[in-house]
Amino acid sequence: MIKFKYAHLLILLPVVDGAWAKDPYVDIDTTMCREGEDIYISCALDGGADPYSYDGPVASICAKANVSPDVGYVQYRYGRPVDGALEQKIEMQFPEKKTPPRGIFRVYSSRNIDGADTALRFSSGKYSYSFESHGLDGYKVVVRNQGREVFNKNCTLPGKNYLIDKAYDGIEYMDLGNQKMSELNE
């Protein structure tokens with residue numbers, strides 16, 4: 001009888017573990033990601049009066065089957081998510097084709113006297129895009145044109161306004177040690 005109970009428990013564990021893996025508090029329609037994709041990070045850029053209302057664009061990093069930098073795909077999408085009867089409107093998608101992220105996206109982290117920094121970055125033409133966090137300030141989306149900052153907005157809810165752990169496995173990762181993120185020439 002005891003062996004049966006343990007076997008039953010072992011069979012149920014993967015089912016329960018899979019259920020816990022999804023974030024029940026994130027409505028995919030508030031992001032630019034699609035059903036079946038992982039939401040690495042997603043930010044409403046014009047937050048409303050409460051965490052469930054916003055007016056404006058959303059920036060998301062979406063992935064599917066991305067277990068290493070050479071597998072699956074990762075895409076940045078910027079635009080308006082599904083809003084009631086309105087369909088999603090993508091204003092920018094990078095890269096255009098769904099390709100593995102090696103050489104396109106990179107995650108950086110550093111620990112220095114000012115605190116811990118994290119950034120997920122990519123470049124398109126003369127622009128660089130970054131979801132970055134400095135210390136306990138939370139994430140923000142920063143766009144630079146040849147090193148000069150042209151856009152800087154805090155990540156707000158709804159969405160997933162933090163970088164999930166899966167991104168560190170699926171995207172190339174670089175630990176900068178004590179070097180400050182601002183000293184990174186990229």
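**Labels and their grounds**

Leaving aside its neighbours within four places in sequence, Tyr139 is in contact with Ile41, Thr118, Phe131, Glu132, Ser133, Asn154, Cys155, Asn161, Tyr162, Leu163 and Tyr168. The model is a predicted one.

Q: Why is Tyr139 called buried?
A: The relative accessible area of Tyr139 is 10%, and buried means under 20%, so Tyr139 is classed as buried.

Q: What makes Glu132 count as buried?
A: Glu132 has a relative accessibility of 3%; since the label buried requires a value under 20%, Glu132 therefore receives it. Glu132 is part of strand E7 (residues 127-134), and, with neighbours within four places in sequence set aside, the residues in contact with Glu132 include Thr118, Arg121, Tyr139 and Arg144.

Q: How do you know that the side chains of Glu132 and Ser130 make a polar contact?
A: The distance given for the contact between these two side chains is 2.7 Å, and a polar contact needs a pair of N or O atoms within 3.5 Å, one able to donate a hydrogen and the other to accept it, so the pair of Glu132 and Ser130 meets the distance limit and is listed as a polar contact.

Q: Why is the link of Cys33 and Cys62 called a disulfide?
A: The sulfur atoms of Cys33 and Cys62 are 2.1 Å apart, and the limit is 2.5 Å, so the pair counts as a disulfide. With -90 degrees about the S-S bond, this link of Cys33 and Cys62 is left-handed. Cys33 is in the loop between helix H1 (2-21) and strand E1 (38-44), while Cys62 is in strand E2 (residues 58-64), so the pair ties together parts that are 29 residues apart in sequence. Both ends are called buried because the relative accessibility is 4% for Cys33 and 0% for Cys62, and the label applies under 20%.

Q: What makes the pair of Cys43 and Cys155 a disulfide?
A: Here, too, the sulfur atoms of Cys43 and Cys155 are 2.1 Å apart, and because the rule asks for a distance within 2.5 Å, the pair qualifies. The link of Cys43 and Cys155 is right-handed, with 70 degrees about the S-S bond. Cys43 is in strand E1 and Cys155 in the loop between strand E9 (148-154) and strand E10 (156-160), 112 residues apart. The count comes to two disulfides, and with the bonded cysteines numbered in sequence order the pairing is 1-3, 2-4.

Q: Why is the aromatic pair of Phe94 and Phe122 called stacked?
A: A search of the whole structure finds seven aromatic pairs. For Phe94 and Phe122 the centres are 5.3 Å apart and the planes 15 degrees apart; pairing asks for centres within 6.5 Å and stacking for planes under 30 degrees apart, so this pair is stacked. Phe94 lies in strand E4 (residues 89-94) and Phe122 in strand E6 (residues 115-124), so the pair ties together parts that are 28 residues apart in sequence.

Terms used:
Residues are numbered from 1 along each chain as its sequence is written. This is a predicted model: local features need pLDDT of at least 70, side-chain atom pairs count only at pLDDT 80 or more; totals for chains, interfaces and linings use all residues. Side-chain values use heavy atoms; hydrogens and water are left out. Rings of Phe, Tyr and Trp (its six-membered ring) pair if their centres lie within 6.5 Å; planes under 30 degrees apart count as stacked, over 60 as edge-to-face and the rest as tilted. Helices (H or I, at least four residues) and strands (E, at least two) are DSSP runs, numbered from the N terminus. Buried means under 20% relative accessible area, exposed over 50%, partly exposed in between (1.4 Å probe, protein chains only). Contact means heavy atoms within 4.5 Å.
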